[in-house]
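User: I want to learn how to read strand pairing and helix packing. Please take me through one case.

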Amino acid sequence: MINVTKTFLPPQEEYQAILKRAWDAGWLTNRGVLVRELEAKLKAYLGVSNILATTNGTLPLQIAIKALGLSGEIITTPFSYVATTSSIVWEGCTPVFVDIHPEYLTIDETKIEAAITSKTSAILATHVFGNPCHVEAIQVIADKYNLKVIYDGAHAFGVTYKGQSLFNYGDISTCSFHATKVFHTGEGGALFCKSSAQLKKLLYCHNFGHDGPENFLGLGINAKISELQGAMGLAVLPYMKAILEARKAVADMYDDAFHGKALQKLKLRDDTQWNYGYYPVVFKSEAALLKVKKALEAEQIFARRYFFPGLNHLPYLKKLKFEVSDIVSTRILCLPMFHDLQKKELEKITSIVLHII
Ligand SMILES: *Cc1c(COP(=O)(O)O)cnc(C)c1O
C-alpha cells in the first residue's frame, strides 16, 4: 500500500536515548529540557528570532487571533486545511474569503482590498503547500488599513523566501509538526513572532495565562508540548537534510515524468527555496481526477484530495462561490510524496496518471 504521505521515523534507539533524559529528569511536560533544547535547535535551523513550540498546529492559530486581540472579520483563503477557517470561527470572528491565485494557489492579494470593511481586523493567509503568499503586497495592504497579518505556515517548515525563513513574515506565523508534515513531533506545532514582548504574551496564552505559579497575566489555554513530543523532534531534526534531499529527488522524478503533459503543477513563487512537502497536480476536469484516483486505488495507491471541499463549503458557513478556488479544489490531487518513495512505485503512479489524462 502506498499512502499520500509516510511519517519519517528515526531509529527507535535514538528516540529512546533522548527520552531517557526525560526519565532521568522525572519531568514530562511544562517546558522541560527537551522542549527547550528543541526550540533552541529549531531557532538556529530555521533562522527565526522567536519560536514557541506547541502541542499541535491548530491552537497556535487560535492563540495568534486571541493574542493580537482580533475581532470582527478576518480575511482568509478558501483553499487550505479546515483548521485555518475553524480557528477564526472558534475565536468568535467571521471568516471573509478572498479567492486564490490560479497558479500559486495562495490568496489572491489583488482581491483583498475589495473585501475590506470597517469590521476587518486581520488577514490570515496560508502558505499553501509551502508556497509563499505574496507577503510584500499583503503587508502593504495591512499597513494601509491597519490590519494584523497571520500566516498559517503549517506546510512551510524549512521554506525560505528571499533568503530568510518564511516564518519571519507577518505579525505571527504558525507551523504544524503533525506526523504527516515535513518535520514532525508526532503531534506538534509552533508559533513565530517578531519581538520578545510578543513571545512572552504567546507563552502565557499557551499556558493557561500563567506567569509563574501564582500569577496570571491574562486569558490562556493549554497548548503546551510535552517532552515526549520534544524528544521526537530532537530525534527527527538531524535527518532533515536527508529528508529534504530525498523529497527533492521524488519531486524531480515526478517533474520529469510530467514534463510537457497536460497537467497543471504548483507554480512556486520566485526567490523561494521549497521543502517539497506535497506534490499537487490539477487535472482538466473533476472527472479526470476521479478516474485517476480510482485507478490508483485499484493498485492500493492512495492520493488525497487536498484541499477538497473548499472551505467556503463548510456546513457552518454561508455558502459562497469562488471562481478559482472552486475549480482548483475540485480538480486538485496530491500524489504520494515522502522521503522513501521508490522509483518503481513512482513510475507506477505516473504511468497510471499519464494513461488517463
Ligand atoms: C495540518 C494543518 C493545520 C493543523 O495542524 P495540526 O498540527 O494538525 O493541528 C493547520 N493548517 C494547515 C494548512 C494544515 O495543513
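User: In which sense do strands E6 and E9 pair, and over how many bridges?

Analyst: Strands are DSSP runs of E, at least two residues, and helices are runs of H or I, at least four, numbered from the N terminus. Two strands pair if DSSP finds at least two bridges between them. Here E6 (residues 148–152) and E9 (residues 172–176) pair in the parallel sense over 3 bridges. Tyr151 stands opposite Ser173 in E9. This is a predicted model: local features need pLDDT of at least 70, side-chain atom pairs need 80 or more, and totals for chains, interfaces and linings use all residues. Residues are numbered from 1 along each chain as its sequence is written, and side-chain values use heavy atoms, without hydrogens and water.

User: What is the strand order of the open sheet?

Analyst: The 7 strands run E2-E10-E9-E6-E5-E3-E4, with mixed pairing. E2 (51–54) and E4 (94–97) are the edge strands, each pairing on one side only.

User: At what angle do the axes of H3 and H4 cross?

Analyst: Axes are lines fitted to C-alpha atoms, for helices over the stretch in contact; angles run from 0 to 180 degrees between N-to-C directions. The axes of H3 (residues 59–67) and H4 (residues 82–90) cross at roughly 40 degrees and come within 9 Å. H3 and H4 are therefore oblique to each other. Oblique is what remains after under 35 degrees (roughly parallel), over 145 (roughly antiparallel) and 65 to 115 (roughly perpendicular).

User: Which residues of H3 meet H4?

Analyst: Contact means heavy atoms within 4.5 Å. Leu61, Gln62 and Ile65 in H3 meet Ala83, Thr84, Ser87, Ile88 and Trp90 in H4.
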